[in-house]
Amino acid sequence: MVAKKSWMISIALAAAVCFTGNASAERFGMNLLPTPKSVKVTGGELPLTAQTRIVVKDAKLKPIAEIFSRELLGITTLKFEVVDGGEAK
């Protein structure tokens, strides 16, 4: 069950990362918040591992990223470190 949830989260995150372009998220049946200005649906995947990090470029967003990390922990059983954009590799 955990593997299936991890796979679903991987797909959802990969899709969110790949969204750029001129199509709306609603057009593709995606309920995304915040609503992106545009999306481009592409193939691919974003595997989630113990080394996956959440990078924030604006320090004001770090508390929200911490909440997101805790939410993902409940779904994937992986704790994703939240780092400032300056710390990103």
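Visitor: Where does T76 lie in this model?

Guide: T76 lies in helix α2. Keep in mind that the model is predicted.

Visitor: What makes T76 buried?

Guide: Its relative accessible area is 2%. Buried means under 20%, so T76, at 2%, counts as buried.

Visitor: And what does the side chain of T76 reach?

Guide: The T76 side chain gets to the backbone nitrogen of L78, at 3.0 Å.

Visitor: How do you know that this can pass the distance limit for a polar contact?

Guide: The limit is 3.5 Å. The T76 side chain and the L78 backbone nitrogen are at 3.0 Å, so the distance is within that limit.

Visitor: Okay, on to charges. Why is the pair K62 and D84 called a salt bridge?

Guide: Here's the test: a side-chain nitrogen of Lys or Arg has to be within 4 Å of a carboxyl oxygen of Asp or Glu. For K62 and D84 the N to O distance is 3.9 Å, so the pair passes.

Visitor: What does that pair tie together?

Guide: K62 belongs to helix α2, which covers residues 62-76, and D84 to strand β2, residues 81-84, so the bridge ties together parts 22 residues apart in sequence.

Visitor: Are K62 and D84 buried, exposed or partly exposed?

Guide: K62 has a relative accessible area of 25%, and D84 has 27%. Partly exposed runs between the buried cut-off of 20% and the exposed cut-off of 50%, so K62 is partly exposed, and so is D84.

Visitor: How many salt bridges does the rule give?

Guide: The count comes to 2. K79 and E66 also meet in a salt bridge, with 3.9 Å from N to O. K79 sits in the loop between α2 and β2 while E66 is in helix α2, so this pair ties together parts 13 residues apart in sequence.

Visitor: What makes K79 and E66 partly exposed?

Guide: K79 comes in at a relative accessible area of 45%, and E66 at 25%.

Visitor: Let's zoom out. Which order do the elements run in?

Guide: Starting at the N terminus, the order is α-β-α-β, with 2 helices and 2 strands in the protein chain.

Visitor: And how much of the chain counts as buried?

Guide: Of its 89 residues, 21% do. The chain exposes about 6,600 Å², and carbon and sulfur atoms supply 60% of that.

Technical notes
Residues numbered from 1 in each chain as written. Predicted model: local features only at pLDDT ≥ 70, side-chain atom pairs only at ≥ 80, totals over all residues. Heavy atoms only, no water. Helix = DSSP H or I, 4+ residues; strand = E, 2+ residues; numbered from the N terminus. Buried < 20%, exposed > 50% of the residue type's maximum accessible area, 1.4 Å probe, protein only. Polar contact = N/O pair within 3.5 Å; in protein donor to acceptor, adjacent residues only side chain to side chain. Areas by Shrake-Rupley, 256 points an atom, 1.4 Å probe, with all protein chains shown as cover.
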